[in-house]
Amino acid sequence: MEKTVVIAGAGDPAGARLAKDFLKKGYKVFAACLTGQKPCQIEGAQPLEIDPLSQDSADRAAAAVREQCRTVDMLVLNYDCCPVRDAKSILDHPDYDGMIHAYEYNSIGPLRAIEAFLPLLKEGEGKRICAVTSSAASNNCTRDFTDFPGHVSKAPLNMAMNQLFNGLRPEGFTFRMYCKDPEAAPDRAGEFAVEYFTRNRSNEPESYKHSDENRLVMRDWMGIEIPW
Amino acid sequence: MKNVVISGADRNIGLELAKQFLNRGWRVFAGRFLMELPLLDELKEKYPEALSIVPMDVSKEESVLAAAEQVAKEAGRVDMLIHNAAGFGDHSGQKGERTDYSTFAVPYNINALGAMRLVNGFLPLMKDSDIKRLCFVSSEAGVVSVAHRTEVSSYCMSKTALNMALRLMFNQLQPMGYTFRLYHPGWVRSARVEKPGDPVPTFEVDGKLMGKFWPWETAASAAEQFIEDRDWEDRLVLIDNEGAAWPF
């Protein structure tokens, strides 16, 4: 049976790449651009729009998908309003309002989409939630001292995804966290993501620890595990 | 005399931290957020010289800058900065219910951005100190690698954000001679008093005593950790009230 994926954030180069790769794999693709991104015109994909700052908007997108499909197999979240690093450090004057906006967009935006699409995902076979993020969100490996908006807005999503994992894994959900390559050219930024998102990982039932799906990990474009 | 600034000193851990430092002979600038609560005024009667009460709302930059100006006038130099103020948020998802994300930015603004406002505002007053210590009350609730809760929590997310902001600050300021303390107070009993006339502080929630430690117990552990020098200042480590280290 054809599988359905919703890509929330298909309007940037990484998201467009994701949509094309899912189409190649034969998925039915709903490509939602985020407010401010240029409308997605990806041949073969169903266009949607989501305002990252609005729960109503995410709910409307989910309702539009429900009109066409009874279930969704996979939800991919690709929210990044800080693609350009902020050069300020704590010694400069931080843009606090900008940082609140970045938090609402990068961390809360994906959670609003999960909230909206969860009922469709629960009815689906795939039950997988995938997020595109950045290794800059890792407290355990960043050596940076600038770009507070990017780092501080994205790290809390790691916490929220862990909590969702704890709550939803027992219901059969699986999760993927993917750090895109910050050095890659725009059209290659989402490269390897779909391979990572769609391939099952070992899921032996014998014991809790005998499965790679029973823990939440973050991996970069090379598949290398990034600490939290 | 050494000078310490404490945010959120109105009650509970912050108030007890102020007492700890006053007992040790420090000059304390106690950040006050709850203007009607008299606990700091009562402490001021006991320490009229050593305690200064400073209006401070860490969610507003102009308030923190005004507080820094007051401290600059009264003392000129800050040796230790303690970010204790915290917002808890009234909403984490409940099982089976929809999560309301509309107020998630509130604890983020207080806990994470508040720490940035405090450091950014007071750092100019610390450059002549020979202590230069930045202390933060965080929580295991913000530790991603051992996250155990099963519902999304705005409080946990805000503490993760705080820990990340501290990481960035540490990477820059530690080589400049600043030292850091990152503290998990344990599961502390706290009393919700906000204004005069509120019932005598009760540490019970729905008739049950919640938490493992009293505020004065964790404040005593915190003060010791904050004051004591370490010969391993080149690491940022979250340490709890019993001395155990946590990952991030």
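## Helices and a chain contact in a predicted model

Author: The crossing of α3(B) and α4(B) is right-handed. This is a predicted model, in which local features need pLDDT of at least 70 and side-chain atom pairs count only at pLDDT 80 or more, while totals for chains, interfaces and linings use all residues. Residues are numbered from 1 along each chain as its sequence is written, and chains are lettered from A and ligands numbered from 1 in the order in which they are written.

Reader: Why is the crossing of α3(B) and α4(B) called right-handed?

Author: A crossing is right-handed if the near helix is turned clockwise from the far one by less than a right angle, and left-handed if anticlockwise. The axes of α3 (residues 61–74) and α4 (residues 105–122) of chain B meet at an angle of about 35° and lie 9 Å apart, and the crossing is right-handed.

Reader: Which residues make the contact?

Author: With contact taken as C-beta atoms, placed from the backbone, within 7 Å, α3(B) brings E61(B), V64(B), L65(B) and A68(B), and α4(B) brings R117(B), L118(B), G121(B) and F122(B).

Reader: What makes the span of α1(A) close to the expected one?

Author: The expected span is 1.5 Å times one less than the number of residues; helix α1 of chain A (residues 13–24) has 12 residues and reaches 17 Å from first C-alpha to last, close to the 16 Å expected.

Reader: Which chain A elements do the buried residues of α1(A) pack against?

Author: Those buried residues (20 or more other C-beta atoms within 10 Å of their own) pack against β1, β2, β4, β5 and α5 of chain A.

Conventions
Axes are lines fitted to C-alpha atoms, for helices over the stretch in contact, and angles run from 0 to 180 degrees between N-to-C directions. Helices (H or I, at least four residues) and strands (E, at least two) are DSSP runs, numbered from the N terminus. Two residues are in contact if their C-beta atoms, placed from the backbone, lie within 7 Å.
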